[in-house]
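Trainee: I have a new model to read. Can we go through some of its labels and ask what stands behind each one?
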Amino acid sequence: MNEDKRVSLPLLPLRGVVVYPAVVMHLDIGRKSSIEALEIAMKQDRKIMLISQKKSSITEPKQDDLYQIGTIAFVKKLLKLPNGTIRVLVEGINRAKVVYYEQEIPYMSVKAEILTEELILDESKNTALIRVLLDQFKKYVDLSSKLTKETYLGIVDIDHLSRLTDIISSHLPLKLSLKQLLLETTDIEERAQRLTELISNEHEILRLEQKIGHRVKRSIEQTQKEYYLREQMKAIQNELGEKDGKTSEITDLKEKIEQSGMPERILTVAYKELKRYEYIPQTSAESAVIRNYLDWLISLPWSKQTKDHLDINQAESILNDDHYGLEKVKERVLEHLAVQQLTRSLRGPILCLVGPPGVGKTSLAKSIARAINRQFVRISLGGIRDEAEIRGHRRTYIGAMPGRVIQAMKKAGTTNPVILLDEIDKMAHDFRGDPASAMLEVLDPEQNNQFSDHFIEESYDLSNVMFISTANNLQSIPSPLLDRMEIISIPGYTELEKQHIAREHLIPKQLKVHGLEANQLQIRDEALTQLIRRYSREAGVRQLERQIAAICRKATRLYVSEQKKQLIVTKKQLEKLLGKPIYRYGMMEAENQIGTATGLAYTTAGGDTLSIEVSIIPGKGKLSLTGKLGDVMKESAYAALSYVRSRAKELSIDPTFYQDHDIHIHVPEGATPKDGPSAGITIATALVSGLTNRPVKKEVGMTGEITLRGHVLPIGGLKEKVLSAHRAGLTTIILPKDNEKDLIDIPKSVKRSLTFIVVSHLDQVLEHALVEV
């Protein structure tokens, strides 16, 4: 290295600024070490090394915090300010590179080497670069609001390319790293080209700034214009006496929209429609449509929620107070509350309560809503056959309105109500669409957060809603819809459960309805039992409640006519009050009969007993089936007959019986449709009884599907069937071995009075069902 180009200088670190050679600049110095370095420079030859910090935030920089290349500057003027800082005027002289640091305390001092610039030997290229730089810089000055024309005029006569690049660089608002790069570039041609590119980039930035500025200005002008015109319209309305006209209505709607808690995307739609409404004449039909639409958007709950009561013990107490039994449903609701208590966020479950009429499905849903402190809304789906009932009508139709779901949300007023979809199995469909298919989106937890109603048109979040549906028969619900719901079966009540429900709920309710006090009407236990057994036969308690209401009316009449101040109902008095018993308690046969067996059936009203009769008459082997039987039940009869023919010898039956005898199988109550495979073993037992003349035991009821090989297959609805057998007075139940696990659901009070025989083959059925001869 050339030792002549090395100099020892005090160093002044700069924050956020780069000083170029030939550039005069003011600097404010406040750091103690920097002031000392400045004082040393003033005592010597007024020269000082200026180097920029890599990060401006560092207050006490070290060697690694500074760039290696800086500028040797001459201190032209120094001024001490009142606040203790020093304002200094410096002029850059040369580029220089730090060779090594001589000291860092109390001030920095370096050995620096003056850098030599690489000149352009081609004079024409030098001139061309100067012209290009001046032309680009002139365009930049014309666009910039921070530089004046005098700035350009001050450099237009500079014919030294290196000096020109440094002065232009100092005027550009570049990042510190880019300014430092220009300082470190000693090749003048490369520096000029790089500076040209940077000025060109700054042109684009300034153009964008101007474009944005003009747009903002136009927007402000437009707003001012609209304000002026609106004020004129107000003045005109005041003159016409329309002070409280559409303008105040628009203001009112705007306030309601702002207070509605709508999401951002809905707010955009609402304001757009409000603007349309503002400019459409009130006499226009479209005006009424838009107003109706805005009213619906405002009235819907978008963010309001009720706070769930997560106290499981309190919820359990409420459910038990309102309903007796129904343990599975209560357990599922309490599980939901327990999970929500831990996670604090859970999508509402979708439950489907399936059971016969009158078992309390609808009232249970109300209790669930009360237990968890949610609003309750009921949607009746029975008989709905139009998809628009669920999704709503498009606004283009006259009288269009949202579907039942959105209407329910408006009625609830919160985003997390309990919505009861009552009688979901009673929906129909025709040429207007299939409402069951529309319900798929409502009841799908993965989709219902974006539920789309044709009237609202914007997606609505149903994910926080707790849906509870009710049905009597699962067979009529489409399988895709059934798959989206958690099925909870509610069987019929036992006699003991009905007595408890009547005592705790039905009698107090009817006394209140009829204005009676508890001491004015008393129903004895034996009378209540008789009422349940002989004046009502159902899985639920509706008919029982009607009979209790009838007794209350009789008591009210007697009290009002002053014939009796108190009525005590005994078993003997029931016939006087309600007439002859409607039903015969115990449906089993009076004696053992040949060719007649008692089966157990499941119906939408719960369980029931089914008497199957077989008559063997002379003929040509014809099989007749009567009693309005369905295809599956007819096939069971054919299977039973085939099995009996294949086992004729083992059953001590003439193998040729079918050649000279006709067989007639009849199921009484011929007006009632009957179907299903569970009567298979009952038909087979009645056939064998008729062909062998062996009576069937009168106290035996049976259920099970039969195969051609005589195997007994499992059936459904066992609890309902067992309860019906218990009501009918049967004492022995024959059931498939695979249904043995279902006996756990049978109430203990019923189990104690019944004998259960599990079988896997028809031979076992015949052994227990037929009387030994």
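Mentor: Start with Lys-580 and Glu-575, whose side chains meet in a salt bridge. This is a predicted model, where local features need pLDDT of at least 70, side-chain atom pairs count only at pLDDT 80 or more, and totals for chains, interfaces and linings use all residues. Residues are numbered from 1 along each chain as its sequence is written, and side-chain values use heavy atoms, with hydrogens and water left out.

Trainee: What makes Lys-580 and Glu-575 a salt bridge?

Mentor: A salt bridge needs a side-chain nitrogen of Lys or Arg within 4 Å of a carboxyl oxygen of Asp or Glu. Here N to O is 2.9 Å, so the pair qualifies.

Trainee: Why is Lys-580 called exposed?

Mentor: Buried means under 20% relative accessible area, exposed over 50%, and partly exposed in between (1.4 Å probe, protein chains only). Lys-580 has 65%, so it is exposed. Glu-575 has 37%, so it is partly exposed.

Trainee: Is Arg-191 buried or exposed?

Mentor: Arg-191 has a relative accessible area of 0%, so it is buried. Its salt-bridge partner is Glu-117, with the closest N and O atoms 2.8 Å apart. Glu-117 is at 23%, so it counts as partly exposed.

Trainee: Why does the pair Glu-91 and Lys-76 count as a salt bridge?

Mentor: Their closest N and O atoms are 3.6 Å apart. The limit is 4 Å, so the pair counts.

Trainee: How many salt bridges does this rule give?

Mentor: The count comes to 31. Glu-273, Arg-276, Glu-286, Arg-395 and Glu-457 are linked in a network of them.
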